[in-house]
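Please read these points with the model open beside you.

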Amino acid sequence: MPEHININGEIITPDNLSQWKTDRSGIEADLAAFLDEWFSDSPGITLQTSGSTGHPKIITANRESMRASARMTCDFFGLTTASSALLALPLRYIAGKMMVVRAIISGCRLIIQEPSSTPLANIKTKVDFIPMVPMQAITTLQQTNGKEQLSRARSILLGGGFIDPELSQALQHIPSQIFASYGMTETLSHIALRRVNGNEADEWYTPLPGIEISLTPAGTLQLSAPKLGIQHLMTNDIAKINAEGRFRILGRRDFVINSGGIKIQAEEVEQQLRSACKLNLIIVPAPHPVLGQCVALVWEGPTCAEAQLRQAIATLPERQRPRLIRHLKQLPLTATGKPDRRTAIDIISTTEL
């Protein structure tokens with residue numbers, strides 16, 4: 001049988017795709033467009049990066065590399081023709097597209113629904129696998145039956161954003177296997193995983209089979225994955241590799257603020273402040289006439305929480321304390337739910353010292 005996919009129990013092949021896609025809208029129309037491209041004779045698959053640290057860009061991926069990536073995930077999570085998987089992520093980006101490829105490779109039943117902040121709310125039966133962004137997990141947990149919703153999935157893959165300690169703690173009591181992923185569009189989704197909940201919870205990522213990691217002289221992570229067509233891909237992620245060949249991400253090189261010669265990792269400051277005041281915020285650099293750069297902050301929340309924020313800031317070392325603070329009704333986010341630092345920097349640029 002030619003390559004095919006099981007969508008909500010219906011088998012779609014290159015032969016009946018044109019009939020199936022008639023009058024589709026929303027995510028189903030996006031799925032039809034991707035399947036058109038996947039089943040076509042085009043030499044590659046078009047992918048768009050999320051633009052979380054720079055301008056979004058278009059790249060072309062090899063089908064065999066995408067198949068190899070899908071096999072790694074299917075093998076790890078045990079996805080087979082007897083499995084079910086839920087897709088509630090946009091199909092514009094790699095996470096959604098790779099879920100479709102995994103369904104094609106494994107033969108699992110793919111349940112599709114419009115992306116929402118609570119993707120499991122209308123799912124009444126168990127599903128074997130669902131990828132989510134942290135924002136979806138947070139919003140789900142805020143629901144009255146949020147823990148019950150998450151428990152409907154045997155395995156949950158969290159990716160595309162920062163998982164703060166408060167979310168990690170809230171997930172400890174969920175019986176599902178919950179993993180955090182490390183990857184990007186250029187690596188065709190994740191190339192390493194770490195357990196978030198349960199007795200195996202860990203801060204160290206384990207590379208999937210066939211993934212080779214090393215550090216550049218600048219201390220950033222470098223990746224090679226022959227099966228994915230990747231050789232010496234240099235990332236901007238500052239990392240530490242242990243004796244077991246596992247790694248931790250310490251922050252991004254392009255998020256380092258050089259304040260008077262002192263290097264400040266924006267994500268570390270964010271994590272400390274989030275833990276102390278429980279507010280959503282973004283740390284970015286701002287120009288300073290003497291120091292070159294200083295720490296700046298944009299945050300969202302009720303204005304009455306500003307005193308709590310400033311108390312948390314006072315506990316930081318002096319050079320890490322934001323010299324510019326801007327309150328927003330809503331933090332800028334990329335289309336994939338990540339902090340939009342470029343927009344935050346633009347906002348801060350209009351704020352005076």
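1. A residue is called buried under 20% relative accessible area, exposed over 50% and partly exposed in between, using a 1.4 Å probe and protein chains only. By this rule Phe247 is buried, at 0% relative accessibility.

2. This is a predicted model, in which local features need pLDDT of at least 70 and side-chain atom pairs count only at pLDDT 80 or more, while totals for chains, interfaces and linings use all residues. Numbering starts from 1 along each chain as its sequence is written, and side-chain values use heavy atoms, leaving out hydrogens and water.

3. Phe247 forms a stacked aromatic pair with Tyr205, at 5.4 Å centre to centre and 20° between the planes. Rings of Phe, Tyr and Trp (its six-membered ring) pair if their centres lie within 6.5 Å; planes under 30 degrees apart are stacked, over 60 edge-to-face and the rest tilted. Tyr205 lies in the loop between β10 (189-195) and β11 (206-207) and Phe247 in strand β15 (residues 247-252), so the pair ties together parts 42 residues apart in sequence. Strands (E, at least two residues) and helices (H or I, at least four) are DSSP runs numbered from the N terminus. Tyr205 is also buried, at 11% relative accessibility.

4. The count of aromatic pairs is 8. In the pair of Phe76 and Phe77, the ring centres are 4.9 Å apart and the planes stand at 70°, so this pair is edge-to-face. Phe76 is partly exposed, with a relative accessible area of 40%, whereas Phe77 is buried at 4%. Phe76, Phe77, Phe129 and Phe179 form one aromatic cluster.

5. The largest nonpolar core has 74 residues, and those touching the most other members are Ile5, Leu35, Met66, Leu87, Val100 and Leu110. Such a core is a set of buried Ala, Val, Leu, Ile, Met, Phe, Trp, Tyr and Cys residues joined through side-chain atoms within 4.5 Å. A second, separate core of 18 residues includes Ile257, Cys277, Leu279 and Leu281.

6. Strand β5 (residues 84-87) is covered on both faces: Ser84 and Leu86 on one side, and Ala85 and Leu87 on the other, are all buried. β5 pairs with strand β6 (residues 109-112) in the parallel sense over 4 bridges; pairing requires that DSSP finds at least two bridges between the strands. Leu86 has Ile111 as its bridge partner in β6.
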